[in-house]
Amino acid sequence: MSAEAEHALRLLAERGETLAVAESLTGGLVAAAVTAAPGASAAFRGSVTAYATELKDRLLGVDAALLRARGAVDPEVARQMAEGVRRELGAEWGVATTGVAGPEPQDGRPVGTVYIAVAGPRGGKSAALRLDGDRTDIRMESVRRVLGLLIGELGGHGRTRNSEQNGET
């Protein structure tokens with residue numbers, strides 16, 4: 001996880017751009033990975049851990065009607081979270097995670113269903129993940145994948161594509 005965070009921070013620093021993070025299922029793990037990397041303060045603006053569904057609306061501006069209709073585990077929710085944190089924290093880039101780490105399904109979605117998103121100055125990208133493993137595995141792989149998606153959007157050849165992914169490493 002540290003290698004992805006360091007790579008993303010290096011790319012951001014080269015561009016003179018900043019990052020903000022919105023998290024749900026990862027509960028602060030993305031922000032922790034980023035701030036553990038040397039030089040994080042040059043590019044990292046901050047994070048919002050919006051674990052409760054209503055906070056996604058109140059703090060990040062996710063459409064309340066969307067949350068009522070589809071629940072928090074949804075690709076459009078991830079996209080709006082990334083845009084919202086980018087806007088609210090004044091960063092060029094925003095990343096977001098939302099999903100089901102388990103042990104029980106949520107919003108009609110099975111354990112291992114994860115949506116990640118990146119929003120930047122010229123738009124964004126999202127990915128639907130189907131991850132295997134226990135709660136810890138799913139959360140840690142989500143961190144790795146969202147940072148990989150960011151790296152790809154920054155031009156650094158990230159691993160995640162805008163499609164469903166299996167949790168294999």
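1. V95 and its contacts. Leaving aside neighbours within four places in sequence, V95 is in contact with L19, A20, V21, A22, V30, A82, V85, A117, V118, V146 and L150. Contact means heavy atoms within 4.5 Å. The model is predicted: local features need pLDDT of at least 70, side-chain atom pairs count only at pLDDT 80 or more, and totals for chains, interfaces and linings use all residues. Residues are numbered from 1 along each chain as its sequence is written, and side-chain values use heavy atoms, with hydrogens and water left out.

2. The largest core. A nonpolar core is a set of buried Ala, Val, Leu, Ile, Met, Phe, Trp, Tyr and Cys residues joined through side-chain atoms within 4.5 Å. Buried means under 20% relative accessible area, exposed means over 50%, and partly exposed lies in between (1.4 Å probe, protein chains only). The largest nonpolar core holds 33 residues. Which of them touch the most other members? They are L19, V95, L147 and L150. At least two residues of this core come from each of α1, β1 (19–23), α2 (29–36), β3, β4, β5 (123–130) and α6. Helices (H or I, at least four residues) and strands (E, at least two) are DSSP runs, numbered from the N terminus. Helix α6 gives the largest share, 7 residues. There is also a second, separate core of 22 residues, with A22, A72, A78 and V100 among them. In soluble globular proteins, nonpolar side chains tend to be buried together.

3. T97 in strand β3. T97 sits in strand β3. Is T97 buried or exposed? T97 counts as buried, because its relative accessibility is 1%. Not counting residues up to four places away in sequence, T97 touches A22, E23, S24, L25, T26, V30, M81, Y115, I116, S142 and V146. T97 and V48 are 49 residues apart along the chain, and their C-alpha atoms are separated by 11 Å.

4. Helices α1 and α6. Two packed helices are described by the angle between their axes and the distance between the axes. Axes are lines fitted to C-alpha atoms, for helices over the stretch in contact, and angles run from 0 to 180 degrees between N-to-C directions. For α1 (residues 2–15) and α6 (residues 135–153), the axes come within 9 Å and cross at roughly 25°. The two helices are therefore roughly parallel to each other. Angles under 35 degrees count as roughly parallel, over 145 as roughly antiparallel, 65 to 115 as roughly perpendicular and the rest as oblique. The crossing of α1 and α6 is left-handed. That word applies if the near helix is turned anticlockwise from the far one by less than a right angle; clockwise is right-handed. On the α1 side the contact is made by E4, A5, H7, A8 and L11, and on the α6 side by R144, L147, L150 and I151. These residues divide into 6 nonpolar, 1 polar and 2 charged. Ala, Val, Leu, Ile, Met, Phe, Trp, Tyr, Cys and Pro count as nonpolar, Asp, Glu, Lys and Arg as charged, and the others, Gly among them, as polar.

5. Helices α2 and α6. Their axes come within 9 Å and cross at roughly 60°. That makes α2 oblique to α6. The crossing is right-handed. L29, V30, A33 and V34 of α2 make the contact with R139, M140, V143, V146 and L147 of α6. By class, this contact has 8 nonpolar, no polar and 1 charged residues.

6. Helices α3 and α5. Helix α3 (residues 53–60) packs on helix α5 (residues 75–89) at an angle of about 40°, with the axes 9 Å apart. The pair is therefore oblique. Their crossing is left-handed. From α3, K56, L59 and L60 meet V77, Q80, M81, G84, V85, R87 and E88 in α5. The contact divides into 5 nonpolar, 2 polar and 3 charged residues.

7. The loop between β3 and β4. Most residues other than glycine have a negative phi, and most peptide bonds are trans. The peptide bond from G102 to P103 is cis, with omega near 15°. P103 lies in the loop between β3 (93–99) and β4 (113–120). D107 lies in the loop between β3 and β4 too. Phi of D107 is near 50°, a positive value in a residue other than glycine. D107 counts as partly exposed, at 38% relative accessibility.
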